[in-house]
Amino acid sequence: MQILDGIKLAKEIKQEIKELVQNYKDQGVRVPHLGAILVGSNGASQTYVDNKIKDCHFVGFESSELRLPDTISQEDLIAEIEKWNNDDTLDGFIVQLPLPKHIDQEAVINAIDPKKDVDGFHPMNFGKMALEMETFLPATPYGIMEMLERYNIDTAGKHTVVIGRSRIVGRPMSILMSKNGNPGNSTVTLTHSKTKNLEQFTKEADIVITALGVPGFLKADMVKDGAVIVDVGITRVDDETNPRGFRLAGDVDFDNVKEKASWITPVPGGVGPMTRAMLLKNTLLACNNKK
Ligand SMILES: NC(=O)C1=CN([C@@H]2O[C@H](COP(=O)(O)OP(=O)(O)OC[C@H]3O[C@@H](n4cnc5c(N)ncnc54)[C@H](OP(=O)(O)O)[C@@H]3O)[C@@H](O)[C@H]2O)C=CC1
Ligand SMILES: Nc1nc(=O)c2c([nH]1)NC[C@@H]1CN(c3ccc(C(=O)N[C@@H](CCC(=O)O)C(=O)O)cc3)C=[N+]21
Ligand SMILES: [Mg+2]
C-alpha cells in the first residue's frame with residue numbers, strides 16, 4: 001500500500017504558485033487577491049477560512065475576509081456579494097458553505113459573478129465544467145484530479161465509484177472522472193443514500209471516492225484487492241485525549257482498508273490540503289483572466 005500524500009503535494013503546488021507570484025512582484029505586476037465571506041461562527045468553517053488566509057500569505061496573494069453574523073438577511077448578504085462583484089481589486093471570492101437555514105444557498109451562489117466564482121459553484125461554471133470547457137473547477141474534485149495526475153494513477157477504462165452526490169464534491173467528481181482526458185476516461189458509478197446494495201458497486205470498483213461524511217463507512221470487505229481509495233470525508237469526532245477536544249475522522253475505515261488498497265489518502269493530510277491548494281490555483285486563473 002502507498003499513501004497519496006496531500007500535504008507534500010499541496011506544499012509543492014503552493015511553492016510553484018509562490019514563485020510565480022514572486023515573478024509578478026519583481027515585474028511590478030499586481031498580485032492575485034482572494035476574498036472569503038463567512039456567515040456565522042461554525043467552528044470547522046472558521047478553521048477553513050483561517051487556513052485559506054494563511055495560504056494566501058504563504059504564496060504572496062492579497063486576501064480579504066468578511067465575517068457576517070448568522071442573523072444576516074439573505075438580501076443583505078447578497079448586497080455584500082454585489083459589492084465584491086464590483087470591486088476591481090478583488091480577483092475571486094468564496095462564500096463559505098453551509099449557510100444558515102433562513103438563507104437560500106442557490107440564490108446566494110447565483111449572485112456571485114461567475115468570473116469571480118473561484119469555487120466553481122455557479123451554474124454557468126458548473127455547466128462549463130460538464131461540457132469540458134475551461135473554467136474554475138470546484139477545488140475538492142480538482143485537488144483529487146491533480147493528486148491522481150501527479151501520482152500517475154491510471155484512470156482510463158477503470159471503474160470509479162463515487163459515494164455522495166453533493167454540489168461541492170460528489171457530483172462534480174463524477175463528471176470529472178468521466179471526462180475525455182487524463183485523469184478521466186473512467187467508467188463512473190455515482191452512488192448516494194438511495195443506492196441499493198452499495199457494496200455490490202464498491203466491491204468491484206478500481207477506484208473508490210468517498211464523500212458522504214459518515215466516519216469509517218467504507219469497510220475492508222466492501223473493496224477489492226488493489227483498489228485506489230480517496231477519502232474526502234472529514235468529521236469532527238469528540239475526543240478528550242486530543243488537545244483540540246476532537247479528532248478528524250474520514251469516511252474510510254483506514255486501518256483495515258489500507259491492507260487491501262494499492263493507494264490510499266489519509267485523513268487528515270489527504271484531500272483537505274489539496275482543496276486549499278486548488279483554490280489558490282483558481283484565484284491565479286481569475287487574476288490572469290483579467291490581464
Ligand atoms: N477534504 C475536503 O476538502 C472536503 C471535505 N468535505 C467532507 O466530505 C464529506 C461530504 O461533504 P459534502 O459532499 O459537502 O456532504 P453532503 O452532506 O452535502 O452530501 C453527502 C452525500 O452523501 C450521501 N450519503 C449520506 N449518507 C450516505 C450513506 N449512508 N450511503 C450512501 N450515501 C450517503 C448523501 O446522499 P443524498 O444525496 O441522498 O442525501 C449525499 O449525496 C463531509 O465529511 C465533509 O466534511 C467536504 C468538502 C471538502
Ligand atoms: N464555499 C465553500 N468552498 C469550500 O471549498 C468548502 C466550503 N464552502 N465549506 C466546507 C468545505 C470543507 N472544505 C475543506 C477545506 C480544507 C480542509 C482541510 O484543509 N483539511 C485538513 C485538516 C484541517 C483541520 O485540521 O481542521 C486535512 O484534511 O488535512 C478540509 C475541508 C472546504 N469546503
Ligand atoms: Mg483530508
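Around ligand 2 there are 19 residues, and those that come nearest are Ile-94, Leu-97, Pro-268, Gly-272 and Thr-275. A residue counts as near a molecule if its C-beta atom, placed from the backbone, lies within 6 Å of it. This is a predicted model, in which local features need pLDDT of at least 70, side-chain atom pairs count only at pLDDT 80 or more, and totals for chains, interfaces and linings use all residues. Residues are numbered from 1 along each chain as its sequence is written, while chains are lettered from A and ligands numbered from 1 in the order in which they are written.

Which elements supply the shell around ligand 2? Helix H2 (43-59), strand E4 (92-95) and H10 each supply at least two residues, and the largest share, four residues, is from H10. Helices (H or I, at least four residues) and strands (E, at least two) are DSSP runs, numbered from the N terminus. By class, this shell has eleven nonpolar, six polar and two charged residues. Ala, Val, Leu, Ile, Met, Phe, Trp, Tyr, Cys and Pro count as nonpolar, Asp, Glu, Lys and Arg as charged, and the others, Gly among them, as polar.

The domain assignment gives domain 1 (28-114) and domain 2 (139-272); such bounds come from an automatic or database assignment. The C-alpha centres of the two domains are 27 Å apart. Ligand 2 lies between the domains, because both give residues to its shell.

One backbone detail belongs here. The peptide bond from Leu-97 to Pro-98 is cis, with omega near 0 degrees, and Pro-98 sits in the loop between E4 and helix H4 (105-111). Most peptide bonds are trans.

Now ligand 1. It is surrounded by 25 residues, and the closest are Gly-164, Ser-166, Ser-193, Gly-213 and Thr-275. Helix H10 (residues 271-290) gives the most to this shell, with three residues. The shell divides into ten nonpolar, 13 polar and two charged residues.

UniProt, in an unreviewed entry, places the feature "binding site" at Gly-164, Arg-165, Ser-166 and Ile-234. UniProt positions are given in the numbering used here, feature names are shortened, and annotations may be inferred rather than shown by experiment. Is each of them buried or partly exposed? Gly-164 counts as buried because it has 23 C-beta neighbours inside 10 Å; Arg-165, with 19, counts as partly exposed. The cut-offs are 20 or more other C-beta atoms within 10 Å for buried, 12 or fewer for exposed, and partly exposed in between, with C-beta atoms placed from the backbone.

Last, the core. The largest nonpolar core has 74 residues, and those with the most contacts inside it are Ile-144, Val-208, Ile-209 and Ile-229. A nonpolar core is a set of buried Ala, Val, Leu, Ile, Met, Phe, Trp, Tyr and Cys residues joined through C-beta atoms within 7 Å. H10 gives the most to this core, with nine residues. The core draws at least three residues from each of domain 1 and domain 2.
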